[in-house]
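Q: I have a sequence and a 3D model open side by side. Can you show me how to read such a model, feature by feature?

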Amino acid sequence: MKRKCEDSTQHVQLQALRVKAAELIATAGESNGEGKAKYKKVVKDFIDAGGATDDLIVRIGTQFFGCPAAKTSQGPVEDAPFEGSRLLDFDYLEKFMVDCFVASGTPEKESKVCANVLIEADKRGIDSHGIGRLKSIYMDRIKSGILKPFAPIDVIRETETTALIDANMGIGLYVGPHCMDIAINKAKKYGLGFVAVRNSTHYGIAGYYATMATSRGCIGFCGTNARPSIAPTFGVEPCLGTNPLCFGIPTDEAFPFVIDCATSICQRGKVEKYARIGSATPKGMVIDSTGEERTDTEGILKGMVKGDCALCPMGGGGDELGGYKGYSWATVVELLSIAFQGGDFGRALSGVGPDGKPSPMSLGHFFLAINVEAVCDADAFKKKSGDFLRYLRGSAKDPNGPGRIWTAGEDQYDYRNQRTANGGVMVPPALLKDMKSLREYLPGLPEKYPKFCFED
Ligand SMILES: NC(=O)c1ccc[n+]([C@@H]2O[C@H](COP(=O)([O-])OP(=O)(O)OC[C@H]3O[C@@H](n4cnc5c(N)ncnc54)[C@H](O)[C@@H]3O)[C@@H](O)[C@H]2O)c1
């Protein structure tokens, strides 16, 4: 793994902090609360001094104390890039994604929408859902015939404020924006708009749809079900998708409040990330079919494919830390994704047919938009929202924390600014390889990209 370059003064400082951290790890006993607090402080100093969040000492400490390195107060901390990563310009990547969708049979208009949802993930720092998903979720599924590159979007039932849509198994990435747009237009006219969608597919980051609403003065609320991977509280079988539940609320700030996350503690993408940095998965995130909380990352990934390992809901396995809350929120998302839609759930969404071959997953989504100015004065609403978020961020800080409090959506705004200033996103070698392999078989790509900008 490529390391950040340390100058000599910085190197001495970082080495001293590494020694301090190692001492704390070595001397912490079974009841290591005090050691943990001291360790967190040392790691904060280490990161502030320019140390990498995946430094060996940080990784060992994370496994030992279960506390990953905190972010610094300066803004987002990018993971140290893998050896061979290349910085790719957002416009270049987005254009490449458009070309891939078009070459797969998606009309140009819808291809542009799909690529825009994906590139937004890269801009917002959600690396699991941008260029990283282009091949594995969309191109591979289109190639294997379980995802249609295009299908008409039919309105099945409609009132002034509601609609039921059939996406006919087209790509969720263009279905989602179309349906949120319907919800927002209804809200702008009648105050509220609610759209339920059936027979759709993976739609990427839920936050894209919520921010479509906030940018037009509406509250946006949306969710989708997904391949089952969360076990119910006191269960071990993956029954619920990671089911993101997302709210976007306009404010008077440069960014809205957007809480956009899965209802599990982590999603598979995060376990894959632990595998890449050679780290154990923190205890409490995954449970296996014997009820054991698993930390062996490689074993977990294999177990998830076989259905032997399930993700724990927010709040964790069992009821000690309120795991039933995350379990029930995941259930809310599943219900709103299947009950209006007459949709599939459970094993029918596993992506594997009775013959063991990949099979289509018919997903449901829902989108709600509330026009703020239909209820109250929009500026007063935004001011009050902003005041409250500023109050939260200005409240007393944890002395062992990073010295800053964020509100949801703010980190993504920071990522966008930081990455835009840096000239794009670092794309790891595995994804550069994906781009090359897409060029090999998608018609027209060899002519458009005889040489990628990262090929010397
Ligand atoms: N389409 C699907 O099937 C599907 C399924 C699961 C997740 N997803 C997407 O994956 C993405 C990542 O999900 P995740 O569960 O890993 O998200 P996550 O755990 O990274 O949480 C992200 C959310 O938490 C907020 N946040 C982060 N740090 C914060 C802090 N210190 N204080 C306040 N808020 C903070 C962010 O602004 C963001 O809203 C999301 O965009 C989600 O929509 C999609």
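Q: How do the residues of the shell around the ligand divide into nonpolar, polar and charged?
A: Keep in mind that this is a predicted model. The shell splits into 13 nonpolar, 10 polar and 2 charged residues.

Q: Which residues come nearest to the ligand?
A: There are 25 residues around the ligand, and the nearest are Ile 205, Ala 206, Ala 226, Cys 261 and Ala 262. Helix 8 (206-214), strand 7 and helix 14 (410-422) are the elements that each supply two or more residues to the shell.

Q: Which element gives the most to that shell?
A: Strand 7, with 4 residues.

Q: What is the order of the strands in the sheet?
A: The general idea comes first. Strands of a sheet pair through backbone hydrogen bonds, in a parallel or an antiparallel sense. Here the sheet is open and has 7 strands, in the order 2-3-4-10-5-6-7, and its pairing is mixed. Strand 2 (154-158) and strand 7 (257-261) form the edges, each pairing on one side only. From one strand to the next, the twist averages 15°.

Q: In which sense do strand 6 and strand 7 pair, parallel or antiparallel?
A: Antiparallel: strand 6 (residues 245-249) and strand 7 share 5 bridges. Within this pair, Phe 247 stands opposite Ile 259 of strand 7.

Q: Which strands does helix 11 lie across?
A: Helix 11 (residues 323-338) lies across strand 5 (218-224), strand 6 and strand 10 (363-371). Its angle to strand 10 is about 95°.

Q: Which residues touch the most other members of the largest nonpolar core?
A: That core has 91 residues, and those touching the most other members are Met 97, Leu 118, Ala 183, Val 195, Cys 222 and Phe 367. Helix 7 (residues 172-190) gives the most to this core, with 9 residues. Take Phe 367 as a case. Beyond its neighbours within four places in sequence, Phe 367 contacts Cys 179, Met 180, Ala 183, Val 195, Tyr 209 and Cys 222. Apart from this core lies another, of 12 residues, including Leu 17, Leu 24, Tyr 39 and Val 43.

Q: How far apart are Met 139 and Ser 104 in sequence and in space?
A: They are 35 residues apart in sequence, and 7.4 Å apart from C-alpha to C-alpha. Leaving aside neighbours within four places in sequence, Met 139 is in contact with Ser 104, and also with Cys 100, Leu 134 and Leu 438.

Note on methods
Residues are numbered from 1 along each chain as its sequence is written. This is a predicted model: local features need pLDDT of at least 70, side-chain atom pairs count only at pLDDT 80 or more; totals for chains, interfaces and linings use all residues. Two strands pair if DSSP finds at least two bridges between them. Axes are lines fitted to C-alpha atoms, for helices over the stretch in contact, and angles run from 0 to 180 degrees between N-to-C directions. Two residues are in contact if their C-beta atoms, placed from the backbone, lie within 7 Å. A residue is near a molecule or strand if its C-beta atom, placed from the backbone, lies within 6 Å of it. Ala, Val, Leu, Ile, Met, Phe, Trp, Tyr, Cys and Pro count as nonpolar, Asp, Glu, Lys and Arg as charged, and the others, Gly among them, as polar. A nonpolar core is a set of buried Ala, Val, Leu, Ile, Met, Phe, Trp, Tyr and Cys residues joined through C-beta atoms within 7 Å. A residue is buried if 20 or more other C-beta atoms lie within 10 Å of its own, exposed if 12 or fewer, and partly exposed in between; C-beta atoms are placed from the backbone.
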